[in-house]
Every structure is written in C-alpha cells, then in structure tokens.
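Here are some notes for a colleague who is opening this entry for the first time. Please read them with the structure in view.

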Amino acid sequence: MNIPFLDSWLNRHGGEQEAQEQAAADVNDPERAAGVAELLSECELLRVRAGQAGLELDDSPASLAALDQLPPRWRDDPEELPWLGNDAGLYLGTVIVRTVPGATWHIWPGGHPVVRLVSGREISVVEAGLDWAVNGAPELAQVYGEAAEA
C-alpha cells in the first residue's frame, strides 16, 4: 500500500525509481532515518480520533492496548476507515521502533514501510493496522508483543 504523503515526498525528489531508492537509503542513513521516522510517526487522524475518545497516544506499548479497547466507531465511515487503519499501522510501527531494541523502519521499493527487527524479520505494520481497523484483529498489542519477543 502506498502512503500518500510518502508518495508526495518521493515525487519531489526526482524520478519514481530513483526517489524510491533514495527513500530506502534515507531510512538506512542514521542522519536521515530520524526524519523519516518522525514523518511516519505523525499518524494525525489516529491521534485525533484517539484524543476524541479521551486517549492520549504516548508512543508506548500500553497505548496500543488502550487503542485495542476503543469502540470501533471508525468502521461507520468507509471513507475514513483505510486512512485510520494506515495510521494505526504507522503508529504500531512507531511504537515498535521506539521501544524494541534494534527495530528500524525499512521502505520497500514502491514506498511500502515495514519494520525490520534485529532478527531480520519484517513486519508489515500498515497491513496489520488495516486488518485491525477493519476486523479488530490482530490486536495491535498482540502484534507488538510478537515483535518484542523476536
């Protein structure tokens, strides 16, 4: 799944293939990785919806469990659902990268962000977030727990 703001960034930085290679290099360059991680951690829609439900997202594993407990009112809006799921996945990735030692963002060709664990395993966090938003499973805290054990 492409992420619109990442697509825009890619388009501003040259040809699509060249820009995708540059985005992947940016994640692997420690100086630029922080900027990419910050961009991926914004998750504005999810943060707003969580705030409306009285939940402040503090980038902790406990906040993932709290998100899992929210009533899924976003399912009532089919236009918002994929955006919220995308944000949930990026938020999941943000929590993993910030709290699991050695976990890093990696951008696949095509602009798809994944979290790469020290073991080499890659977690497609955006897919997990979309599944969570649509079906309620897997729970975000469960995906986090599996990543933390790896």
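**Notes on the model**

1. D59 is buried, its relative accessible area being 14%. This residue sits in the loop between α4 and α5 (61-68). Most residues other than glycine have a negative phi, and most peptide bonds are trans.

2. This is a predicted model. The protein chain holds 8 helices and 3 strands, in the order α-α-α-α-α-α-β-β-β-α-α from the N terminus. Of its 150 residues, 43% count as buried. The chain exposes about 7700 Å², with carbon and sulfur atoms supplying 50% of that area.

3. C43 also has a positive phi, near 45°, and is not glycine. The residue belongs to the loop between α3 (30-40) and α4 (44-52). C43 is buried, at a relative accessible area of 4%.

4. D87, in helix α6 (residues 81-99), is in contact with C43, E44, L45 and L46, leaving aside neighbours within four places in sequence. A polar atom of the D87 side chain lies 2.9 Å from the backbone nitrogen of L45.

5. The peptide bond from A137 to P138 is cis, with omega near 0°. P138 lies in the loop between α7 (125-135) and α8 (140-149).

Terms used: Residues numbered from 1 in each chain as written. Predicted model: local features only at pLDDT ≥ 70, side-chain atom pairs only at ≥ 80, totals over all residues. Heavy atoms only, no water. Helix = DSSP H or I, 4+ residues; strand = E, 2+ residues; numbered from the N terminus. Polar contact = N/O pair within 3.5 Å; in protein donor to acceptor, adjacent residues only side chain to side chain. Contact = heavy atoms within 4.5 Å. Buried < 20%, exposed > 50% of the residue type's maximum accessible area, 1.4 Å probe, protein only. Areas by Shrake-Rupley, 256 points an atom, 1.4 Å probe, with all protein chains shown as cover.
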